[in-house]
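Student: Please pick one part of this model and take me through it closely. I would like the cut-offs behind each term as you go.

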Amino acid sequence: MLLTPQGGGGRSAAARLTLGPRTVLNRTITAARSYAAASIPLATVRDIATAADTTVNDVVLALCSEALRRYLRRHHGLPEQPLIATMPISLRAPGDTEFTTRATLSLVELATDVADPWRRLRRIHASAAATKSLVRGEHALVPTDFPSIGLPWLLAGIARLYGASRICDAVTPIANVVISNIPGPQQPLYFAGARLRTYWPLSIVEHGLGLNVTVISYAGALEFGIVTAACAVPDAAELAADLEASLARLRRGLARRARAPGPARKRDGRSSNASHTGSADDGARSGRSSSSGRGR
């Protein structure tokens with residue numbers, strides 16, 4: 001089930017959320033794939049989130065937004081309308097260990113029409129907060145478990161029919177990209193005595209959604225796995241490099257805010273204490289450097 005923030009009395013960006021614009025990412029795909037990965041220090045992302053009074057997940061979405069802005073401007077043109085991400089949200093209650101699906105899909109505006117990265121982060125935060133509020137309010141109405149017997153075969157058949165019809169080449173996409181952020185182990189894992197240095201996730205793409213970014217936290221890092229349909233994004237390593245450049249831009253903004261005079265700085269009507277940004281440079285130095293690789 002897909003949950004979409006609807007406009008109420010307010011006129012926030014989230015309340016105005018509509019369908020996504022047409023992009024090269026949203027098309028009938030082929031079997032060819034491209035894959036890339038990147039590792040980003042979790043401490044740095046937390047510093048940015050604290051300084052902007054947002055969440056780690058908001059910063060992850062902002063990094064993806066900046067990377068997509070860079071990539072589309074280079075290759076296919078950036079749409080004037082903001083891109084929309086579909087994002088899985090867990091509905092599992094604390095202590096629920098049943099082997100069932102407890103999740104739904106939601107839509108979040110990536111604010112790619114905003115040039116300033118800090119303003120864009122604040123708008124993403126507003127959209128994500130509206131989505132989470134909707135999920136909390138409609139939790140009892142959302143189906144959270146589905147029968148598994150026969151479902152994979154049914155979905156595979158539907159996907160083949162959907163691809164053969166090429167409907168997604170003609171209709172406006174509901175969303176432009178899938179972005180998932182999954183909490184993972186913060187202690188290093190070992191296999192046969194060897195430490196697992198990275199924990200890069202791998203997911204899938206579908207007709208109409210030729211880009212999937214999955215993130216999992218592991219041992220002090222955020223591990224990004226970028227999967228693309230090669231007909232939409234031939235080289236996923238480009239997006240991985242754009243992701244690293246996006247982090248560098250937010251770091252520079254964080255450093256400028258740390259150097260700003262006075263104990264508090266305004267952010268879209270909010271203020272924060274200067275000590276929130278004190279560890280930004282330390283996080284940048286001590287965090288693991290980003291790395292990327294790709295395969296087909």
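Tutor: Helices here are DSSP runs of H or I with at least four residues, strands are runs of E with at least two, and both are numbered from the N terminus. The model is a predicted one, in which local features need pLDDT of at least 70 and side-chain atom pairs count only at pLDDT 80 or more, while totals for chains, interfaces and linings use all residues. Residues are numbered from 1 along each chain as its sequence is written, and side-chain values use heavy atoms, with hydrogens and water left out.

Helix α1 covers residues 42-52 and helix α5 residues 236-259; their axes come within 10 Å and cross at roughly 50 degrees. An axis is a line fitted to C-alpha atoms, for helices over the stretch in contact, and the angle runs from 0 to 180 degrees between N-to-C directions. The two helices are therefore oblique to each other, the term for what is left after roughly parallel (under 35 degrees), roughly antiparallel (over 145) and roughly perpendicular (65 to 115).

On the α1 side, Thr44, Asp47, Ile48 and Ala51 meet Leu247, Leu250, Arg251, Leu254 and Arg257 of α5. By class, that contact has five nonpolar, one polar and three charged residues. Contact means heavy atoms within 4.5 Å. Ala, Val, Leu, Ile, Met, Phe, Trp, Tyr, Cys and Pro count as nonpolar, Asp, Glu, Lys and Arg as charged, and the others, Gly among them, as polar.

In one of them, Glu66 pairs with Arg249, with the closest N and O atoms 3.1 Å apart. Glu66 belongs to α2 (residues 56-75) and Arg249 to α5, so this pair ties together parts 183 residues apart in sequence. Glu66 counts as buried because its relative accessibility is 5%, while Arg249, at 26%, is partly exposed. Buried means under 20% relative accessible area, exposed over 50%, and partly exposed in between (1.4 Å probe, protein chains only). Glu66 and Arg249 also belong to a network of salt bridges with Arg70 and Arg120.

Another salt bridge joins Asp242 to Arg74, the closest N and O atoms being 2.8 Å apart. Since Asp242 lies in α5 and Arg74 in α2, this pair ties together parts 168 residues apart in sequence. Asp242 is buried, with a relative accessible area of 6%, whereas Arg74 is partly exposed at 45%.

Between α1 and α2 runs a loop that holds Asp53. This residue has a positive phi of about 60 degrees although it is not a glycine, and it is partly exposed, with a relative accessible area of 36%.

For context, the chain has six helices and 12 strands, and the structure holds seven salt bridges. Of its 296 residues, 44% count as buried. Among contacts with a separation of 6 or more, 76% are between residues 24 or more positions apart.

Notes: A salt bridge is a side-chain nitrogen of Lys or Arg within 4 Å of a carboxyl oxygen of Asp or Glu.
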